Amino acid sequence: MLAAAGASVLVGAAIVASRSVVLEVPPLTLALLRYAVGFLCLLPFALAGLRGLERPPPRDLWAMAALGTGQFGILIALLNWGLQQVPAAPAALIFSLFPLLTLLLGAALGSERVTARLLGGVLLSIAGVGLALAPKLQGAGRAGWWGELAVFASACVGALCSVLYRPYLQRYPTVPVSAFAMLASVLFLAVAALAEAWPARVATLSAGAWAVVAFIGLSSGLGYFWWLHALKHEPATRVTVFLALNPVTAAVLGWALLREPLPPQLLLALGLIAVGLFLATRPASGKRRPAPG
């Protein structure tokens with residue numbers, strides 16, 4: 001649980017950091033650099049973890065590569081694109097639907113039972129997001145909703161990957177899985193980011209942009225190791241609920257570092273989402289959660 005909480009705080013900090021450089025570094029290029037740095041951080045530990053480990057069958061390797069491409073490539077590319085149009089705090093609020101989407105997907109697959117408490121939590125959290133976006137509903141809407149839709153799509157991708165990761169994390173050590181997933185995403189992004197001419201852009205980045213990229217990459221390497229470690233030992237719904245810390249972190253840092261406004265309705269929206277997530281993921285009274293197998 002501490003690993004899940006730490007990873008979620010790092011996600012919120014990375015959203016704010018990404019927002020600060022997303023105008024200088026295009027979304028796919030930023031995602032590529034982010035996970036290239038993260039992969040290099042994990043590589044020495046991953047190589048040490050491979051000692052004595054039998055090579056996984058090709059079917060598992062392809063599955064983990066696909067999950068890594070989704071979790072670290074497609075998700076972050078969509079999120080970075082959305083951050084070009086949406087401030088950090090509202091983007092983090094939309095992304096906080098991640099755990100609710102995980103719960104709904106788990107219910108659809110039969111691993112979660114929909115109860116009145118779960119439904120109440122879902123409705124409260126959706127109300128919180130709606131409250132946060134209320135000013136935009138009243139605006140002219142010239143920019144459209146593509147930024148918000150991109151952030152929401154990134155949360156959908158993350159929810160699907162979180163549910164599907166668990167079998168592979170139980171079969172293999174966490175660090176090698178994390179590094180392999182990041183490597184797959186880096187290869188995918190290296191091709192996709194060619195449309196942004198990433199080799200030329202990387203050569204002209206300022207020292208300040210490199211410092212932010214280094215922070216995002218380091219936080220990604222550590223954060224996603226913690227995230228996958230938590231998914232290995234806890235059900236996906238109990239892990240993703242800690243993403244409620246994500247909008248709080250992003251809102252506070254966005255206000256403190258980027259001078260983004262922190263209106264009263266945003267604080268109320270954060271409260272609604274926090275209560276909704278608590279209700280949606282709280283175990284039924286009198287029932288003990290079985291220890292992870």
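Predicted model: local features only at pLDDT ≥ 70, side-chain atom pairs only at ≥ 80, totals over all residues.
**View 1. Packing of helix α2 against helix α9.** Helix α2 covers residues 27–49 and helix α9 covers residues 174–192; their axes lie 8 Å apart at an angle of about 150°. Angles over 145 degrees count as roughly antiparallel, and α2 and α9 are therefore roughly antiparallel to each other. The crossing of α2 past α9 is left-handed. On the α2 side, the contact includes L28, A31, L32, Y35 and F39, and on the α9 side it includes V175, M182, L183, V186 and L189. Sorted by class, this contact of α2 with α9 holds 18 nonpolar residues, four polar residues and no charged residues.

**View 2. Surroundings of L28.** L28 is a residue of helix α2. Leaving aside residues up to four places away in sequence, L28 touches A77, L189, A192, A193 and E196. Along the chain, L28 and A195 are 167 residues apart, yet 8.9 Å separates their C-alpha atoms.

**View 3. Packing of helix α2 against helix α11.** The axes of α2 and α11 are 7 Å apart and form an angle of about 55°. The two helices, α2 and α11, are therefore oblique to each other. Here α2 passes α11 in a right-handed crossing. Among the residues of α2 that meet α11 are L30, L33, R34, Y35 and C41; the α11 residues that they meet include W210, V213, I216, Y224 and F225. The contact of α2 with α11 comprises 13 nonpolar residues, four polar residues and one charged residue.

**View 4. Packing of helix α8 against helix α11.** Helix α8 (residues 146–171) packs with helix α11 (residues 207–233) at an angle of about 80°, and the axes are 8 Å apart. Because angles of 65 to 115 degrees count as roughly perpendicular, α8 and α11 are described as roughly perpendicular to each other. From α8, the residues S162, Y165, R166, L169 and Q170 meet W227, L228, L231, K232 and H233 of α11. By class, five residues in this contact of α8 with α11 are nonpolar, three are polar and two are charged.

View 5. Helix α3 runs over residues 58–83, which amounts to 26 residues. From the first C-alpha of α3 to the last, the helix reaches 36 Å, close to the 38 Å expected at 1.5 Å a residue.

Note on methods
Residues numbered from 1 in each chain as written. Heavy atoms only, no water. Axes fitted to C-alpha atoms, helices over the stretch in contact; angles between N-to-C directions. Helix = DSSP H or I, 4+ residues; strand = E, 2+ residues; numbered from the N terminus. Parallel < 35°, antiparallel > 145°, perpendicular 65-115°, else oblique. Left-handed = near helix turned anticlockwise from the far one by under 90°. Contact = heavy atoms within 4.5 Å. Nonpolar A, V, L, I, M, F, W, Y, C, P; charged D, E, K, R; others polar. Expected span 1.5 Å × (residues − 1).
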